Amino acid sequence: MSQEERFDKESFRDSISTVDEQGKRIWVYPKKQLGKYFNKRSVIAYSLLILMFVGPFIKINGEPMILMNIVERKFVLFGQIFWPADIFIFAIGMIAFVVLVIVFTVVFGRLFCGWVCPQTIFMEMVFRRIEYWIDGDWKQQKKLDDSPWNANKIKKRALKWSIFWLISFVIANTLLAYIIGVDELFKIITDSPLNHLGSLSALVIFTTIFFAVFAWFREQVCTTVCPYGRLQGVLLDKNSVIVAYDYERGEGRGKFRKNEDRTAVDKGDCIDCNQCVNVCPTGIDIRNGTQLECINCTLCMDACNYMMENVGLEKDLIRYDSEEGIKTKKPWKLTFRAKSYIVLMLAIVGFLGFLIFTRSPIEATILRVKGTSYQKITEDQYANIFVATIMNKTNESHTVHMDILSDNASIEIIGGDFSLKEGEQVKKEIIVKMDADLIEGSKTKVEIGILSDNKIVEKETVDFFGPGF
Ligand code: SF4
Ligand code: SF4
């Protein structure tokens, strides 16, 4: 192959498939395609949609299943409340998430994009389905777009855009319910709009954004905006699982002729029917190889299998495989790199789980009062003053008591035992007293227990300063 030919063959990589040489958008009209993979994706997509829409109504221990209240800095995950004090768990959760994304992509390519990404699910399983229902399949859609505005076009556009707007509004409300909680959302809905102008403006803005994304911006979110899509180039390797065209089997492509012996005329199994291109929602030709636009939606796999079945050739000419698998025809297996990532991921997730499950409902920090050392109370008793910062991380009130666990001192809370409301944090001065004969040098360790309902919920060790400090 000459250099010119090689450059020519790779020229599709110079630009994205949905923009022409003048920089104008090429609108994609993907052909409607059903099939085995589409059916499986539908089951997962609609299950996730149900989960998303009923999620705000599910309560665990009286708290929403998921709440991301950034304004009040309150986060709930499966009934467990996380406060700003839990920021380190959040940070580890974020690291775990990033590592998970990397591991997953290294091993399984863009499986996430095709099967669980909200953008793909809403675009392909909700908005695109409505479009097929109102405007018809790809050719009718194109014809309608090209036609002048007439009664039929106005009617169809009005219907489609009204439904798109309504669904976008429902999505915006659902997201708001995940932020402020469903009870607050109902208050906003049932109260006078004048009392909630801020929330209503946010709802309208987000509805407009969703509408614009699904009615107009569409696949460009995946091909030009999504940072995950941009990462593919560095994360994928030749062993990653991708939607791949078996060029070894498919080339040289050539039209199908009944009763023709394709091997005798040097033809591969690709019958050049273009169906894989016609159904592609990002407008690419998967036969060119791995491309950043490919969201692994599997529609080309269904389309090609359908054609192969019809012409009596073996299925899976386009399939889940790795570049190495296609080249060597060897079955796919985990590489050392992928195994190492998975071990790292399990370690981080395990550590995260440990932190969450051993998280104390009451968090305490006890620090010496600034600038103090010790006071002599009597001839044989000394005292140290500390400040305890106690936070209730649960969704119920607790009465807090403190005790010395190390049996070498006594404790007095200024103001006595106290009560903490949900999410409340207080600072209390405490006096720790120790008999002279129990003091060990200049610093003696004292273990203080924080008790709630007679149960030790937190332990803190402090240094008791004695004479000689
Ligand atoms: S190439 Fe195939 S899997 Fe990739 S986006 Fe197009 S139809 Fe979907
Ligand atoms: S659908 Fe299959 S047979 Fe048809 S052009 Fe694509 S790869 Fe070739």
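At what angle do helix H3 and helix H16 pack, and how far apart are their axes? In this predicted model, helix H3 spans residues 87-108 and helix H16 spans residues 336-357. The two pack at an angle of about 155°, and their axes lie 9 Å apart. Since angles over 145 degrees count as roughly antiparallel, H3 and H16 are therefore roughly antiparallel to each other. The crossing of H3 past H16 is left-handed. On the H3 side, the contact is formed by Phe88, Ile89, Ile92, Gly93, Ile95, Ala96, Val99, Leu100, Ile102, Val103, Val106 and Val107. On the H16 side, the contributing residues are Arg337, Ala338, Tyr341, Ile342, Leu344, Met345, Ile348, Phe351, Leu352, Leu355 and Ile356. Sorted by class, this contact of H3 with H16 comprises 21 nonpolar residues, one polar residue and one charged residue.

Two further helix pairs were examined. Helix H7 (residues 151-180) packs with helix H8 (residues 182-190) at an angle of about 125°, with the axes 7 Å apart. H7 and H8 are therefore oblique to each other. From H7, the residues Asn173, Leu176, Ala177 and Ile180 meet Val182, Glu184, Leu185, Ile188 and Ile189 from H8. Seven residues of the contact of H7 with H8 are nonpolar, one is polar and one is charged.

For helix H5 (residues 118-135) and helix H6 (residues 138-146), the packing angle is about 70° and the axes are 9 Å apart. Angles of 65 to 115 degrees count as roughly perpendicular, and H5 and H6 are therefore roughly perpendicular to each other. Here Glu131, Tyr132 and Asp135 of H5 meet Gln140, Gln141 and Leu144 of H6. The contact of H5 with H6 divides evenly by class, with two nonpolar, two polar and two charged residues.

At the level of domains, the domain assignment of the protein chain gives domain 1 as residues 20-359 and domain 2 as residues 362-465. The centres of domain 1 and domain 2, taken over C-alpha atoms, are separated by 53 Å. Eight residues from domain 1 and eight residues from domain 2 take part in the contact. About 610 Å² is buried between domain 1 and domain 2, and carbon and sulfur atoms give 52% of this area. Of the area that domain 1 buries against domain 2, 62% is supplied by Ile81, Trp83 and Ala85, which is more than any other three residues supply.

Two backbone features are found in the loop between helix H12 (247-250) and helix H13 (275-278). Most residues other than glycine have a negative phi, and most peptide bonds are trans. Glu251 and Gly252, however, are joined by a cis peptide bond, with omega at about -10°. Gly252 is placed in the loop between H12 and H13. Asp272 is not a glycine, yet its phi is positive, at about 50°. Asp272 is likewise placed in the loop between H12 and H13.

Conventions
Residues numbered from 1 in each chain as written. Chains lettered and ligands numbered in written order. Predicted model: local features only at pLDDT ≥ 70, side-chain atom pairs only at ≥ 80, totals over all residues. Heavy atoms only, no water. Axes fitted to C-alpha atoms, helices over the stretch in contact; angles between N-to-C directions. Helix = DSSP H or I, 4+ residues; strand = E, 2+ residues; numbered from the N terminus. Parallel < 35°, antiparallel > 145°, perpendicular 65-115°, else oblique. Left-handed = near helix turned anticlockwise from the far one by under 90°. Contact = heavy atoms within 4.5 Å. Nonpolar A, V, L, I, M, F, W, Y, C, P; charged D, E, K, R; others polar. Domains from an automatic or database assignment. Buried area = accessible area lost by both parts, 1.4 Å probe.
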